[in-house]
Amino acid sequence: RDLDLKANSEILDVLLESQMRAVEAVRQARDSLDRAVAAAAQRLGKGEGRLILAGAGASGRLAVQDGAEMWPTYGWPHERLLLCMAGGSEALLSSIEGVEDDADAARCDVDDAAVNADDVVIALAASGQSPWTCAWLENARKRGALTIGLSNNPDTRLLRAAECPIWLDSGAEVLAGSTRMAAGTAQKVALNLFSTTLMIRLNRTHGNLMVDMAAVNRKLDQRRIRLLQGVLPEVDDESAAAAIAAADGWVKLAALIALGDSAAQGRQRLERHAGSLRAAMKELGR
């Protein structure tokens, strides 16, 4: 109650402690995250479904932020990603009154998106009760999608609706009701862990290297060379650049080209091994 009377250093200490509790909340939810990743990888590993993230307000903005990184970091196809924000793109930059209470709009969004049994839906709501978010997840589950719910309160409508519920026990906010603080930090950390582990399980990395990184601009050419040399240290700069050019910037394919495959052969080899560079290289005796 006397937060405004404290010195800046004291306020910062109190806020930092709440942020640390948020990270600990994610640690406590690790087993739930583990189950969600395993289920999502099994569903998306079939090669057809979409990764769908949905939320309202601060939670929705965090969901969109995490999902937007799937293409540049992992080369996750645009057509296999759907980011759904209550109120649409306008709500990313400003608060739109009433949209998070519009359950009918959420149900229509799910139907319009033709959500189906191939898809994985992650819905976030700090309260676990937001009508738009809960309706989104409930309707998606009715249509057969794998549903994952993240809430900062226990035993909520959202968690009950989810096949894979994840409770992030971040506690009361220092600034009462400001769920962008500890609740938001817990959600962001949980999303980071979930999406990164999921992409590793879907063979979108090699070791700790981003070999599926999107070929988005020329300034990343040197980074691609370093990534390729991280996979194949014996490849010199010139050979690495040639292989990357032949692979249209795709480091994973460039590694197989550097080992003697044509681009077509490399693509076929990766397809046979569900995109696993490690398995493809083993087939080549590496």
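1. The second largest pocket holds about 310 Å³ of space in this predicted model. Its lining is made of 24 residues, and those nearest the centre are Ala56, Gly57, Ala58, Ser59 and Glu100. Two or more lining residues come from each of α3 (57–68), β3 (120–125) and α8. The largest share is that of α3, with five residues. By class, the lining of the second largest pocket has eleven nonpolar, eleven polar and two charged residues.

2. The largest pocket has a volume of about 680 Å³. Its lining counts 27 residues, with Arg204, Asp212, Trp250, Lys252 and Gly275 nearest the centre. At least two lining residues come from each of α2 (30–44), α4 (70–74) and α12 (263–272), and α12 has the largest share, three residues. The lining of the largest pocket divides into 13 nonpolar, six polar and eight charged residues.

3. What is the volume of the largest cavity, and which residues line it? Its space is about 30 Å³, and one cavity of 30 Å³ or more is counted. The lining consists of Leu33, Ile122, Ile148, Leu150, Ala190, Leu191 and Phe194. These divide into seven nonpolar, no polar and no charged residues. Both β4 (146–151) and α8 (182–201) supply at least two of the lining residues, and α8 gives the most, with three.

4. Two residues of that cavity lining, Ile148 and Phe194, also belong to the largest nonpolar core, where they are listed with Leu51 and Leu198 as having the most contacts inside the core. This core has 35 residues. Apart from it lies another core, of 24 residues, including Leu209, Ile225, Leu232 and Ala240.

5. Ile148 deserves a separate entry. Beyond four places in sequence, Ile148 touches Ala36, Ala40, Val120, Val121, Ile122, Ala123, Leu137, Ala162, Cys164, Ile166 and Phe194. Among these, Ile122 and Phe194 also line the largest cavity.

6. Why is strand β1 (residues 51–55) described as largely enclosed by the rest of the structure? The description holds because five of its five residues are buried. Leu51, Leu53 and Gly55 point one way from β1, while Ile52 and Ala54 point the other way, and all are buried. Leu51 is also among the residues with the most contacts inside the largest nonpolar core.

7. With which strands does β1 pair? One is β2 (residues 81–85), in the parallel sense, over five bridges. Within that pairing, Leu53 stands opposite Leu83 in β2. Another is β3, again in the parallel sense and over five bridges. Here Ile52 stands opposite Val121 in β3, and Val121 is also one of the residues that Ile148 touches.

8. Thr205 sits in the loop between α8 and α9 (221–231). Is Thr205 buried or exposed? Its relative accessible area is 16%, so Thr205 is buried, the cut-off being under 20%. Leaving aside neighbours within four places in sequence, its contacts are Tyr74, Met199, Ile200 and Val211.

How values were computed
Residues are numbered from 1 along each chain as its sequence is written. This is a predicted model: local features need pLDDT of at least 70, side-chain atom pairs count only at pLDDT 80 or more; totals for chains, interfaces and linings use all residues. Side-chain values use heavy atoms; hydrogens and water are left out. On a 1 Å grid over the protein atoms alone, a cavity is a set of points where a 1.4 Å probe fits but cannot get out, and a pocket is an open set with protein on both sides within 12 Å along at least five of seven lines; lining residues have an atom within 4 Å of a point. Grid points are joined across faces, edges and corners, and a volume is the space filled by probe spheres set on the points. Helices (H or I, at least four residues) and strands (E, at least two) are DSSP runs, numbered from the N terminus. Ala, Val, Leu, Ile, Met, Phe, Trp, Tyr, Cys and Pro count as nonpolar, Asp, Glu, Lys and Arg as charged, and the others, Gly among them, as polar. A nonpolar core is a set of buried Ala, Val, Leu, Ile, Met, Phe, Trp, Tyr and Cys residues joined through side-chain atoms within 4.5 Å. Buried means under 20% relative accessible area, exposed over 50%, partly exposed in between (1.4 Å probe, protein chains only). Contact means heavy atoms within 4.5 Å. Two strands pair if DSSP finds at least two bridges between them.
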